[in-house]
Amino acid sequence: MTTLSWETFAKLAARNDLDGIIGVLMSATEPERLAAAKQVEAGIKAADADLWWRADISPTPGWALAVVGCMPTAAKAATLLARRNMQTWNRMDPEKVLVLARVRRLTWLGDLGIRLAERLPARDVFFEQWNFAATLIRAGAAEPPVTEGFVRGWLTDRLRSHWQAKPLAPLHQRLREDPFLDRLLPAVFEIDGLGADAAVGHLSPQTGKWDNTPRFPIVIADLVAEGRLDRATILDATVDRLVRGDRTNALRPFALMHDALAPTLDEMARHVPAYGRLLPHAPSAVAGLAQKALRAVDDAGRLDLQTLLEVSAATLLRTEKTLVKTQLTWLERVLRREPSRAGEIVETVAVAFGHPALDIQERALTLIGKHTGGLDAGTTARLAGAAGALAGDLPGRAATLFGGTAETVTLPGLPPPPPVAEFPPPIADTAELVEEIVVLMTEETAVRWERVLAALVTLRPGPEVEPLLQRFEHQFSETLWVPQQRTAFLGEAIRALNGLGAQGGLWSRMVKALGIAWETGRRGGPDSALKSSPEGVLAARISEVAVQLGRSPVPLLLATPTHVNGSLDASVLAARLARAEAEGWEPWPLDFEQALLRVPRDADPSVAAGLTSPAGKQFAAWLIAGGLPDPLSTRLEQRVGAKSIYPSLSQPVVPSRVLATLHPVGTGGLRLAEQLVTLQRQPTPRFLSTEFFAETDILTMVLPHHREVSAAWVLVRLASLADQDWRTGGELLPLLADCDGPLGPAMTLALSYVLAARHESDRVAAVDAFLTLAARHESDRVAAVDAFLTPAARGSGFFAGVGTELGRLCGADSAIKLTRVVPALADAHRAGASVAVWEVLAAALPLLLPKGPRGLPDLLELSTQVARAAGAHTEIPELASIAARGGSSRLVKEAKRLQTVLAS
């Protein structure tokens, strides 16, 4: 009789001797195997949770064989195989498990496969995980579960071209013979996002090159043609998937499948309601196939006119011009076919008067103009009302057609910006502090940091926060890849509060860097625990809290803001300083300097009257002087050279980059200030987005009344959004707009770059900032409108500066793309900032017109709309020269249109 023991399994597993484990199990009897189950379970539960990756050879495949070879039920086996310390158990040949199953004559093998399949993650399914579950399910003749993880794994496995460097059978054959096909295929249509997995390309056997065309739709259509799959079922599922919508890339294979199925006229007529929902709202490619199908049904006389008009009304406002032009052409043909219903049709066409593109508006107006003769008075009056949405030079033409006068569309004005929100109340107790630190570990914000630091000082928490050190061991430890981590300094503060001792050499490095900052204000350097960028101010203050709580405790921090942008009311700081004088304690150096930097520069100096301490007198002098003097912010153009550094060869190569430098005018006596207002740049750019970029409000809270300084520090990252197509960072602009201080070259460049960002989310942030800045400077901007009448006045003011930068940066060899800027400016115009947008355009056009960058006709079209809304009559000589050209190009056409509006 063979004796089975965990020690035997563990030794063999450590050597990865899987055949040895199988041999031991096969030589034992079934009672012996079942008797060893408890030892196996106990051994696995007692094993190190991280041994699977710490060991030279993972023992988990061998442990898994012991589980399958000894456990009495599928439930028990699945539970053990799913333990954390069993990761990578499935990195072995599944046949080894099947050998044991056959020896034991297991009846629950399929059940085990189902349980493993049900545990698969919805996304990021590893092949080994899926393959093991699928193998056991097939071996046990079980039905697979229709879960997202299992279906995704099945689809990925079916679409692979090779496995272990060996070509697989053709996809047609593998799907045709797949026992899971009928059960799992419907879920590919039903589960959101799976279309993206079906959209992968393949290695072409003919060329040996990668082909991005998805094979899945074609193969499914072929299986339908063979009769392996039911045509009506697949077509219905395809159309239903398109109607329910998904991300564009996830819908692509279903659109291709629809085309591959080539629906008949009867099938298209059956799906008219679905096509009617797709045409107005689906992504462009899907809307195009719906338009084609509906038009075929209409050509056959099987589409109700009322249905067509309802669908057209929504379609005519789509931004895709090709779809809209096709719809207008279709309606014009129907108009000739149905003259008795001309009124209904032209009123539907008039919906296009509200389209954002002037050429679409013009096409619709021209179409209607051909058929005004037979219209009744009521229809004509309604058309005249609809013409109020026309822009540019079209209202005058509409007035000629429908009667009345050309009226300017009045867009909503900009509401006054809301006041900056007040800072949240302080943390009330230690329990709330623990909760806030837990959130801070995953989402750092300046507001959260300020509340946590204030609570550490006022509450001085004890053992209640100690468990956090173990829970967030990595965050509270200095790491090689983040040697200046803020959370590591917070960990030192918590250890200091609880007398737990310092962590390695971090404490000494932190104390040394803090001492230098106290003495000279300097941060950073090769061996410093603090960064030299403004981000380092927060890290220095965290270090100050960690050190001073034990040396020189105070009852509160002075620098805690009163508003979420970092601003600190002068009266509040005065009250805090008065309390320090009354209670006899001195403020901490960096905390006090940060507090001064947060006080508005126009604060009333009288709030400091009566303060007698050195800090109080310094505060009074600070208010009288008007705070920190603005540094000199200077525009600097960097030219690409041999030393230019790009993150990768795939990044766009641009000839230059424009940034800003900072030269201090004064420091107001603060040690922190000089480094904050000093920023030098090299003449050669480094196209790296990894240059300083703190969490956004961590930056703005350092100098909430010097946004020009903050903008200069982050220009590298903001420029990368436009000239290197990086993502995220634009959310900084609305925060800067909520701050105050002069608007100079850095802010001008910052807004220009993010208006031209590659990703829409960043451009949306730029528009938000644009609107806030426009609203906050309404009086200055309105006063400048009359100056547009003379060319000499162009170029003055912040928004004119943005236009000048856009004109410089957008060109034939442009660092940024004009085609991205136009939609963002259009959004600002539609939101009511037309006057500010026109300031931008009036300054940009003289520089852009001679260059002729891509997107210039669109910019001219927008300019026509904005100029009319803003009542502008600016003289632009460069525009007149283009408008005087012959030909019918869109550039000339739009130039003439704008010239007409400016001259009217």
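**View 1. Asn-16, in the loop between two helices of the predicted model.** Asn-16 counts as partly exposed, at a relative accessibility of 37%, in a model that is predicted. The place of this residue is in the loop between α1 and α2. Phi of Asn-16 is near 60°, which is a positive value in a residue other than glycine. Helix α2, which spans residues 18–27, has Leu-18, Gly-20, Ile-21, Ile-22, Val-24 and Leu-25 as its buried residues. The cover over these buried residues of α2 includes α1 (6–14), α3 (30–35), α6 (60–70) and α8 (94–104).

**View 2. The whole chain, as context for the close-ups.** The protein has 49 helices and 6 strands, and its C-alpha atoms fill a box of roughly 105 × 95 × 55 Å when this is taken along the principal axes. Among the contacts with a separation of 6 or more, 74% are accounted for by residues 24 or more positions apart.

**View 3. Helix α15 and the elements that cover it.** In helix α15, residues 216–226, the buried residues are Phe-216, Pro-217, Val-219, Ile-220, Ala-221, Leu-223 and Val-224. What covers them includes α11 (148–159), α12 (171–176) and α13 (181–190), together with α14 (194–198), α16 (231–244) and α17 (248–261). Gly-227 follows α15, and the phi of this glycine is positive, near 90°.

View 4. In soluble globular proteins, nonpolar side chains tend to be buried together. The largest nonpolar core of this protein holds 161 residues, of which Leu-490, Phe-619, Phe-770 and Trp-838 touch the most other members. If residues up to four places away in sequence are not counted, Phe-770 touches Leu-751, Phe-799, Leu-825, Ala-828, Ala-833, Ala-836, Val-837 and Val-840. Another core lies apart from this one and has 131 residues, among them Leu-98, Phe-132, Leu-181 and Phe-216. Phe-216, listed in that other core, is also one of the buried residues of helix α15.

**View 5. The packing of helix α28 with helix α32.** Two packed helices are described by the angle between their axes and the distance between the axes. For α28 (residues 446–459) and α32 (residues 535–551), the axes come within 11 Å and cross at roughly 10°. Because angles under 35 degrees count as roughly parallel, α28 is roughly parallel to α32. On the side of α28 the contact is made by Trp-449, Glu-450, Leu-453, Leu-456 and Val-457, and on the side of α32 by Leu-538, Arg-541, Ile-542, Val-545 and Leu-549. The residues of this contact divide into 8 nonpolar and 2 charged, with no polar residue.

View 6. Arg-460 lies in the loop between α28 and α29 (466–471), and has a positive phi of about 45° although it is not a glycine. With a relative accessibility of 40%, Arg-460 counts as partly exposed. Arg-495, found in helix α30 (residues 486–497), has a relative accessible area of 12% and is therefore buried, the cut-off for that class being under 20%. The C-alpha atoms of Arg-495 and Glu-466 are separated by 7.8 Å, although these residues are 29 residues apart along the chain.

**View 7. Ser-284 in helix α20.** The place of Ser-284 is in helix α20, which covers residues 284–299, and this serine is partly exposed, with a relative accessible area of 35%. Leaving aside residues up to four places away in sequence, Ser-284 touches Arg-318, Glu-320 and Leu-323. The C-alpha atoms of Ser-284 and Thr-322, which are 38 residues apart along the chain, are separated by 9.4 Å.

**View 8. Val-351 in the loop between α23 and α24.** Val-351 lies in the loop between α23 (342–349) and α24 (358–369), where it counts as partly exposed at 26% relative accessibility. With residues up to four places away in sequence not counted, Val-351 touches Ala-313, Leu-316 and Leu-317. From C-alpha to C-alpha, Val-351 and Ala-578 are 66 Å apart in space, and they are 227 residues apart in sequence.

Key
Residues numbered from 1 in each chain as written. Predicted model: local features only at pLDDT ≥ 70, side-chain atom pairs only at ≥ 80, totals over all residues. Heavy atoms only, no water. Axes fitted to C-alpha atoms, helices over the stretch in contact; angles between N-to-C directions. Helix = DSSP H or I, 4+ residues; strand = E, 2+ residues; numbered from the N terminus. Parallel < 35°, antiparallel > 145°, perpendicular 65-115°, else oblique. Contact = heavy atoms within 4.5 Å. Nonpolar A, V, L, I, M, F, W, Y, C, P; charged D, E, K, R; others polar. Core = buried A, V, L, I, M, F, W, Y, C linked by side-chain atoms within 4.5 Å. Buried < 20%, exposed > 50% of the residue type's maximum accessible area, 1.4 Å probe, protein only.
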